[in-house]
Amino acid sequence: MEPSVKIKTESTVNTATIRWEPPVEGVCNLHGWEKKGTGVVSFGMLPPDTQWEVVVNIGNQGVRLQGETGEWNEVDYADDNGDTPDSRLYVSPKHSDLSWVRNIPSDILIGYEQEIFTSPSFVHRLFAEALFVLPMKSQLVILPNPMKRFSIDLSKEIDWSSSRRMHKNRLKKYRLSIDHDFKNSLRLVSEAHSAKVGSGKWITDKLIDLLSGFNKHNAQNEIQHHAFELWEGDAIVAVSVGFSYGRVYHDYTHATLDRGDSRTGTLLTKVVGDHLQKCGYALWYWGQVSEGTSYMADYIGKYGGGELSREGFYARWDVLKTESARPLHEPLDLGETLVAKK
């Protein structure tokens, strides 16, 4: 680095800022997270009380600098800085109490991937609060926390086989399995999402490993992850994945694998809905209504779908999570499902 360039670093509880004079264009790389700036670059949402290292490149020369974020203080948040996410939305394993997330006036929370993915017990606590994790390219994790939540009220009488597409003669060619190969089912969904134009690959290998490890190591947990697989012959044509918690089922991803017949995804959704009702589930949470979830509108009305306020959602969630449903495999094993067992 040229002697004329002076660099200094600053840290808060969850940010690192690099400043240099004169304010020429430079590139900073912090643990693979690269950002450009003219005289200043800031990285936000870093884990507290942790050493960091940044490589600063100005012109043809570079320098490696180190620093450390401050100790955790739940009140002392850093201010928003440029394109750094609002640090008041930051959530980490250092939060011993997560009840505050219900009162945040934002549809998302933000965490740091390295911090969250190395703490399965904390991720379990997030699931218990109806929060899911979506990895981003910049080492951040988005946690949807919608003010309005689309859910299916399974306490209502719903005829899932009422449409022509659900005629029993049509259903005969399909078979259903639950957790035939949970990890592989997640990979199939990930590949289907990656192949779809405009659909980001948020189901990363790290997330697949994290989710598939929960049931394996926590067989007695009240939260269990499941994959419903719809088969035609020896091929899986649709997958629906989520987790059960008491009498609530939290759906978090699905995919139609048979691109020649997009209706198989709809068929599986109705098969799953019928199955959950037979098990005694009372609420099926789908997430937030957005441009990419226009299909939710098809389930308003006769299928019990609709938006709940965050307050109304948690009023039901907190009661139903303490109640018991039938074992998820039982209706399938007893031949009670709309599609026969694989």
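Trainee: How many helices and how many strands are there in the protein?

Mentor: There are eight helices and 17 strands. Helices (H or I, at least four residues) and strands (E, at least two) are DSSP runs, numbered from the N terminus. The model is a predicted one, in which local features need pLDDT of at least 70 and side-chain atom pairs count only at pLDDT 80 or more, while totals for chains, interfaces and linings use all residues. Residues are numbered from 1 along each chain as its sequence is written, and side-chain values use heavy atoms, with hydrogens and water left out.

Trainee: What percentage of the residues count as buried?

Mentor: Buried means under 20% relative accessible area, exposed over 50%, and partly exposed in between (1.4 Å probe, protein chains only). Of the 342 residues of the protein, 49% count as buried. The accessible surface comes to about 16600 Å², and carbon and sulfur atoms account for 47% of that surface. Accessible areas come from the Shrake-Rupley method with a 1.4 Å probe; for residues, only the protein chains shown count as cover.

Trainee: In the open sheet of seven strands, what is the strand order?

Mentor: Strands of a sheet pair through backbone hydrogen bonds, either parallel or antiparallel. Two strands pair if DSSP finds at least two bridges between them. Here the open sheet of seven strands has the order 12-13-14-15-16-11-17, with mixed pairing. Strand 12 (174–178) and strand 17 (305–309) stand at the edges; each has a single partner strand, so one side of each is left without a neighbour in the sheet. On average, neighbouring strands of this sheet are turned by 30° against each other, direction ignored.

Trainee: In which sense do strand 12 and strand 13 pair?

Mentor: Strand 12 and strand 13 (residues 223–232) pair in the antiparallel sense, over five bridges. Serine 177 has glutamate 229 of strand 13 as its bridge partner.

Trainee: Which strands does helix 2 lie across?

Mentor: Helix 2 lies across strand 13 and strand 14 (235–245), and runs at about 75° to strand 13. Axes are lines fitted to C-alpha atoms, for helices over the stretch in contact, and angles run from 0 to 180 degrees between N-to-C directions. Contact means heavy atoms within 4.5 Å. The buried residues of helix 2 (residues 120–128) are Phe122, Val123, His124, Leu126, Phe127 and Ala128.

Trainee: Where does alanine 130 lie, and what is its phi?

Mentor: Most residues other than glycine have a negative phi, and most peptide bonds are trans. Alanine 130 lies in the loop between helix 2 and strand 9 (134–135), and its phi is positive, near 65°. Alanine 130 is buried, at a relative accessible area of 1%. Aspartate 179 also has a positive phi, of about 60°, and is placed in the loop between strand 12 and helix 4 (182–195). Aspartate 179 counts as partly exposed, at 23% relative accessibility.

Trainee: Which residues does a cis peptide bond join?

Mentor: A cis peptide bond joins glutamate 21 and proline 22, with omega at about -5°. Proline 22 lies in the loop between strand 2 (16–21) and strand 3 (25–30).

Trainee: How many aromatic pairs does a search of the whole structure find?

Mentor: Rings of Phe, Tyr and Trp (its six-membered ring) pair if their centres lie within 6.5 Å; planes under 30 degrees apart count as stacked, over 60 as edge-to-face and the rest as tilted. The search finds 19 aromatic pairs. The rings of tryptophan 160 and tyrosine 303 have centres 5.3 Å apart and planes at 25°, so this pair is stacked. The pair links distant parts of the chain, 143 residues apart. Tryptophan 160 is buried, at 1%, and tyrosine 303 is buried too, at 4% relative accessibility. Ring pairs link Phe150, Trp160, Trp284, Trp286, Tyr295, Tyr299 and Tyr303 into a cluster.

Trainee: Which residues does methionine 166 touch?

Mentor: Not counting residues up to four places away in sequence, methionine 166 touches Trp160, Ser161, Leu171, Leu267, Lys270, Val271 and Leu338. Methionine 166 is buried, with a relative accessible area of 3%. The C-alpha atoms of methionine 166 and leucine 338 are separated by 8.6 Å, and these residues are 172 apart along the chain.
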